Amino acid sequence: MPEKKEEWISKQYDILEKELGEKGVELEKVKKKLKEFTVEVPSWIFGEFGGGRFGGHVPPGAARTIFEKLDDAAIVHQITGATPNVSIHVGWDDPDENPFDEIQSGSFRRLNFHAHKLNLKIGSVSPTYFLEGTHFGSLSALDPTTRQRFIDHGLVAAEIAENFGTGFITLWFPDGSLYPGQVNMHVAIRNLKNSLKEIYEQAPNAVKMLIEYKLFEPGTYHTVISDLAGAMDVARSLGDRAGVLIDLGHHPFGVNVEYIATRVMESGMLAGVHFNSRYAADDDHAVEPNMQLFRIFHEMVAGGVIGNENPDENWLRVLDQCSGLENRIHAVLHSVDSLMISHAKALIVDEDSLARHQKKNEIILANRTLLDAFLTDVRPILYQVRLEKGLPLDFIDAYDKSGYQEKIEKER
Ligand code: PSV
Ligand code: MN
């Protein structure tokens, strides 16, 4: 690194330390939290899936197997120091590439071993309910054989999560309908709840289940769990090892997602977030450090679901992105950077002033207090953290210089 850059960082850091210190924000504490920040990366970003347009264009160097996906995740962790866990999708991912119904949880021992060799761990585990055979529903299907098939699949995922993962399964269902009248919605929700109950009761009892909701897709008229109310209702019907998964791309436009997150925090329910950015629908784009993301982080900090010493008190955090045209590893590195920027901004809010303005109903002043943090360039803090951790300052630049992209494009 040129000496000048280090000087600039140190100068800017000192200025921030002084300015923020006057507001009661201690940068040493902020740095500690940022050093400990982690997020799971999804196996599915590194594979061939994504986009679904341009004649099935596969980005050069895309991983062909779950082992190669972990290899890619390993370089992301080496560069960022923040992504030790990889979220997997059983069915999409199978170390033995068995037919869907024959996936064995034991096969994942080999994958677990590969992960450990790479200094990684298997993180949350998703069963895959949107592959072959669920065009008329999975756990909510009218056909009992279909339901049983996917209950069994959920149990395999639960066993993998218990034996090799972090004990979380995350569930998303493609179940829904295209036209009014197509599906008896009462029956579908009952079937879904009963099927989930079977998984909940038969799964190893340390396994936690997060239920994801989505407004649309593939159902255009209705999806079986379309919103927070539906996900919470289902989770409550199961028990306290069940909770909800908030995917940022799964809401109607204009929804106040940070308030959704706040309601879940205040309920005390288990929860997690799937991070991504979207413009049109569920785009699954890389995370950007925008205002919404800052607000979500601010509520997570205020609600005490991030940065706790006891990891059980923290919400699960996972990237869920898979857009197909950009360099996938660039996209993941960009996401991790965006999350860190947003987290840093959330940690430097002048909370005392905010509380004072709220008490006096000084609406605009309260709003500007939040904006002050959002508009602060926090990169000197992040760079300082990276210097102290011995990590590169610019993740994408470090990746481009590593030679990894050339290597995978040649080998795969
Ligand atoms: C569905 O759109 C989703 O958000 C679920 O989390 C899946 O697991 C993931 O995307 C991958 O398709
Ligand atoms: Mn998701």
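The text below takes the pockets and the ligand first, then the cavities, then the backbone.

The model is predicted: local features need pLDDT of at least 70, side-chain atom pairs count only at pLDDT 80 or more, and totals for chains, interfaces and linings use all residues. Residues are numbered from 1 along each chain as its sequence is written, chains are lettered from A and ligands numbered from 1 in the order in which they are written, and side-chain values use heavy atoms, with hydrogens and water left out.

**Pockets and ligand**

Rolling a probe the size of a water molecule over the atoms shows where empty space is left. Here a 1 Å grid over the protein atoms alone is used: a cavity is a set of points where a 1.4 Å probe fits but cannot get out, a pocket is an open set with protein on both sides within 12 Å along at least five of seven lines, and lining residues have an atom within 4 Å of a point. Grid points are joined across faces, edges and corners, and a volume is the space filled by probe spheres set on the points.

The largest pocket holds about 920 Å³ of space. Its lining counts 40 residues, of which Phe-49, Trp-172, Lys-214, Glu-217 and Asp-282 are the closest to the centre. At least two lining residues come from each of strand 3 (121-127), strand 4 (168-171) and strand 5 (176-177); helices (H or I, at least four residues) and strands (E, at least two) are DSSP runs, numbered from the N terminus. By class, this lining has 14 nonpolar, 17 polar and nine charged residues. Nonpolar means Ala, Val, Leu, Ile, Met, Phe, Trp, Tyr, Cys and Pro, charged means Asp, Glu, Lys and Arg, and the others, Gly among them, are polar.

Ligand 1 sits in the largest pocket, a term used when more than half of a molecule's atoms lie within 2 Å of the grid points. The shell around ligand 1 includes Trp-44, His-89, Trp-92, Phe-130, Trp-172 and Lys-214; a shell residue has a heavy atom within 4 Å of the molecule. Four nonpolar, three polar and five charged residues make up this shell.

Taken alone, ligand 1 exposes 310 Å², and the protein buries 94% of that; accessible areas come from the Shrake-Rupley method with a 1.4 Å probe, and for residues only the protein chains shown count as cover.

The second largest pocket has a volume of about 750 Å³. Among its 31 lining residues, Pro-311, Asn-314, Trp-315, Leu-316 and Arg-317 are the closest to the centre. Helix 2 (27-36), helix 8 (257-267), strand 9 (270-275) and strand 10 (316-319) each give two or more residues to this lining. The lining divides into 14 nonpolar, nine polar and eight charged residues.

**Cavities**

There are two cavities of 30 Å³ or more. The largest cavity has about 60 Å³ of space, and its lining includes Leu-34, Thr-80, Met-340 and Phe-395. Helix 13 (residues 379-389) supplies the largest share of that lining, four residues. Seven of the lining residues are nonpolar, one is polar and two are charged.

The second largest cavity, of about 30 Å³, is lined by residues including Trp-172, Glu-212 and Lys-214, which also belong to the shell of ligand 1. Its lining has five nonpolar, one polar and two charged residues.

**Backbone details**

Asp-394 caps the N-terminal end of helix 14 (residues 395-402), with a side-chain oxygen 3.0 Å from the backbone nitrogen of Ile-396. Just after helix 14, Gly-403 has a positive phi of about 80°.

Glu-217 and Pro-218 are joined by a cis peptide bond, with omega about 0°. Pro-218 is in the loop between strand 6 (208-212) and strand 7 (222-223).

Glu-97, a residue other than glycine, has a positive phi near 50°. Glu-97 is in the loop between strand 2 (85-90) and helix 4 (108-117).

Terms used. Polar contact = N/O pair within 3.5 Å; in protein donor to acceptor, adjacent residues only side chain to side chain.
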